[in-house]
Amino acid sequence: MFPKRLHHFIFDLLFIEVREINVLRTDVGGEDHDGVPEVHEIRNRKTLHLLVASTGHRGDTGEQVAKVRELRKRRPGTTDRLLARIGALTVDGARALGTGDFDTLGACMDENHGLLQTLGVSSPELDRLVHRARASGALGAKLTGSGGG
């Protein structure tokens with residue numbers, strides 16, 4: 001799925017072929033009687049190729065959270081709408097993963113990354129990595145973790 005030239009990145013790469021998807025997800029905003037998010041299993045037997053890459057830089061979670069907190073103080077409506085959309089994309093992406101609709105999953109990842117950029121938690125290195133993955137044939141790409149790395 002990904003051309004060999006992808007391996008010329010200066011980033012750490014891990015290529016994974018998943019033949020049977022069997023992952024857990026939590027409901028965004030949904031909680032059970034103990035106040036713990038509900039966990040649901042997603043099953044799909046379609047083959048999915050995942051590329052996990054690292055810029056080699058470690059982000060500071062506290063710094064990223066502080067950025068979003070500060071943005072929310074200055075622009076609460078906008079920030080809340082961005083976070084709500086990220087939550088909706090997470091649910092849509094999980095649903096697409098469960099049904100094997102990897103094109104929709106990729107579109108959710110792409111839009112999600114753009115929203116994370118808008119929130120200020122991406123970095124030029126992450127954006128270059130996401131752009132290269134897309135240019136090399138990825139159906140979608142986004143940062144993971146707290147960002148900033």
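Which residue just after α2 takes a positive phi? Gly 100 does, at about 80°.

## Overall layout

This is a predicted model. The chain holds 4 helices and 4 strands. Read from the N terminus, the order is β-β-β-β-α-α-α-α.

Of the 149 residues of the chain, 32% count as buried. The accessible surface is about 9300 Å². Carbon and sulfur atoms supply 53% of that surface. Among contacts in the chain with a separation of 6 or more, 68% join residues 24 or more positions apart.

## Helix α2

Helix α2 covers residues 76-99, a run of 24 residues. At 1.5 Å a residue, α2 should span 34 Å. Its end C-alpha atoms lie 35 Å apart, so the two values agree.

In general, an α-helix has 3.6 residues a turn, so residues three or four places apart point the same way. Just after α2 comes Gly 100, with its positive phi.

## The α3–α4 pair

Helix α3 spans residues 102-119, and helix α4 spans residues 124-135. Their axes come within 12 Å and cross at roughly 160°. Angles over 145 degrees count as roughly antiparallel. The pair α3 and α4 is therefore roughly antiparallel. The crossing is left-handed.

On the α3 side, Asp 110, His 113 and Gln 117 make the contact.

Technical notes. Residues are numbered from 1 along each chain as its sequence is written. This is a predicted model: local features need pLDDT of at least 70, side-chain atom pairs count only at pLDDT 80 or more; totals for chains, interfaces and linings use all residues. Side-chain values use heavy atoms; hydrogens and water are left out. Helices (H or I, at least four residues) and strands (E, at least two) are DSSP runs, numbered from the N terminus. Buried means under 20% relative accessible area, exposed over 50%, partly exposed in between (1.4 Å probe, protein chains only). Contact means heavy atoms within 4.5 Å. Accessible areas come from the Shrake-Rupley method with a 1.4 Å probe; for residues, only the protein chains shown count as cover. The expected span of a helix is 1.5 Å times one less than its number of residues. Axes are lines fitted to C-alpha atoms, for helices over the stretch in contact, and angles run from 0 to 180 degrees between N-to-C directions. Angles under 35 degrees count as roughly parallel, over 145 as roughly antiparallel, 65 to 115 as roughly perpendicular and the rest as oblique. A crossing is left-handed if the near helix is turned anticlockwise from the far one by less than a right angle, and right-handed if clockwise.
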